[in-house]
Amino acid sequence: VQLQAFGGGLVQAGGSLRLSCAASGRTFSNYHMYWFRQAPGKEREFVAAIRWFGGTTYYADSVKGRFSISRDNAKNTMYLQMNSLKPEDTAVYYCAASKTLSFEVPVMEYWGQGTLVTVSS
């Protein structure tokens, strides 16, 4: 699976952005899909996940209630709607795919190249 994340940018605190992750290659619908992020000087951390079937979603506590993950298997695309953004959400956001449901970086099988989100105060 090849993944490409896009949609990042500069936004003021309280604003919204929608990230997209386009997949190609192997059957997208067979993989659980994830968003991770990495802030400067910090480790990459889990943000959100969506199961390949059923659409069950999972969120880090820090984004719960503000971010929403979704996927369109027909378009091989995943989304992350980010609302009420805070300066601490500033990071490079990566999409990832794995056949294993896990929130751990080493378990991910495929990664996108990342897209930068900057939230100004």
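Biologist: Read along the sequence, what pattern does the protein follow?

Modeller: Bear in mind that this is a predicted model. There are zero helices here, and the strands come to 11. So, going along the sequence, the protein reads β-β-β-β-β-β-β-β-β-β-β.

Biologist: How does the radius of gyration compare with what the globule rule gives for 121 residues?

Modeller: The globule rule gives 14 Å for that length, and the protein comes close to it, so it is as compact as a globular protein of 121 residues. Along the principal axes, the C-alpha trace spans about 40 × 25 × 25 Å. The radius of gyration itself is 13 Å.

Biologist: Okay, which residues have the most contacts inside the largest nonpolar core?

Modeller: That core has 36 residues. The ones with the most contacts inside the core are M33, W35, M78, L80, M82 and Y93.

Biologist: Let's pick M82: which residues is it in contact with, leaving aside neighbours within four places in sequence?

Modeller: Contact here means heavy atoms within 4.5 Å. With the sequence neighbours set aside, M82 touches G15, S16, L17, L19, R66, F67, Y93 and V117.

Biologist: Last one: how far apart are the mean positions of the positive and negative charges?

Modeller: The protein has 12 positive and 8 negative charges. Taking the mean position of each set, the separation is 7 Å.

Note on methods: Residues numbered from 1 in each chain as written. Predicted model: local features only at pLDDT ≥ 70, side-chain atom pairs only at ≥ 80, totals over all residues. Heavy atoms only, no water. Core = buried A, V, L, I, M, F, W, Y, C linked by side-chain atoms within 4.5 Å. Buried < 20%, exposed > 50% of the residue type's maximum accessible area, 1.4 Å probe, protein only. Helix = DSSP H or I, 4+ residues; strand = E, 2+ residues; numbered from the N terminus. Rg over C-alpha atoms; globule rule 2.2 N^0.38 Å. Lys, Arg positive; Asp, Glu negative; His and termini not counted. Charge placed at Lys NZ, Arg CZ, Asp CG, Glu CD.
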